[in-house]
Amino acid sequence: MFPGEGKRHGALPGRGEAGTDRPPAEGRSGGAAPRPGTLAEAARFGAATLLALPYDAVLPALETAGPVGSFGGRVLIDCTNAVGPGPVLTTGGGPGAARTFTAATGARVVKAFNHVTPAVWSRTPPVFADGPVAVPLCGDDEEALALVSALAADLGCAPLVAGPPAHADLLEATTAFLIGLWTSGRDPRAMLPPPAALGG
């Protein structure tokens, strides 16, 4: 599954009933509406899988799609936010979401597309007065990073490789901090001077 349309990359959304790999009843009605694939089909469709699910639902969904260990080598794009009320990270003092998924699956996980809301991704392209939205990417597989960078660029965004998987923990914490500012009506950009002003 790929985020958005970009340059018309193929996409297959996966849906399934709890504990099964069947589409829900409304998807089996035989009507004219497009029918999503099963979780197993969607999880292995194309060159990468976008984990567009709540954090706590990802591993159960992958287990429904097939043995978690069967995703070894697969490119998984983690756009989840393990954020609860506060906002606070629900991963506590342990590894963040991206490193948890990597350890559980053996997949080539890239943290990306998690730092803004779906309303931003629905813009075609997501470009504002200051330019295109930058997409931080965290991972340690060069091929996977190149693939996700190309997807971000095709969406009209500016890919920004931001470091190894450990930096995904920092990106997740930063996103939680940003959520707190945005939901309280404050603009995070106000605390960031232009790079030229920082000296050095």
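This is a predicted model: local features need pLDDT of at least 70, side-chain atom pairs count only at pLDDT 80 or more; totals for chains, interfaces and linings use all residues.
Local features need pLDDT of at least 70 and side-chain atom pairs pLDDT 80 or more, whereas totals for chains, interfaces and linings use all residues. Residues are numbered from 1 along each chain as its sequence is written, and side-chain values use heavy atoms, with hydrogens and water left out.

The protein chain holds six helices and nine strands (DSSP runs numbered from the N terminus; helices are H or I of at least four residues, strands E of at least two). Of its 200 residues, 40% are buried (under 20% relative accessible area; exposed is over 50%, partly exposed in between; 1.4 Å probe, protein chains only). The chain exposes about 10500 Å² (Shrake-Rupley method, 1.4 Å probe; for residues, only the protein chains shown count as cover). Carbon and sulfur atoms supply 61% of that area. Among contacts (heavy atoms within 4.5 Å) between residues at least 6 apart in sequence, 66% join residues at least 24 apart.

Thr102 lies in helix H3, residues 97-105. Thr102 counts as partly exposed because its relative accessibility is 29%. Its side chain reaches the backbone oxygen of Ala98 at 2.9 Å. Beyond four places in sequence, Thr102 touches Ala107 and Val109. Gly72 is 30 residues away along the chain, with 9.0 Å between the two C-alpha atoms.

Met191 sits in the segment after helix H6 (165-183). Its relative accessibility is 47%, so Met191 counts as partly exposed. Together with Phe177 and Leu192, Met191 forms a nonpolar surface patch of about 330 Å² accessible area. Patch residues have over 30% relative accessible area and no salt bridge; like charges are joined within 9 Å, nonpolar side chains (Val, Leu, Ile, Met, Phe, Trp, Tyr) within 5 Å. A salt bridge places a side-chain nitrogen of Lys or Arg within 4 Å of a carboxyl oxygen of Asp or Glu.

Notes:
A polar contact is a pair of N or O atoms within 3.5 Å; within protein, one must be able to donate a hydrogen and the other to accept it, and residues adjacent in sequence count only if both atoms are side-chain atoms.
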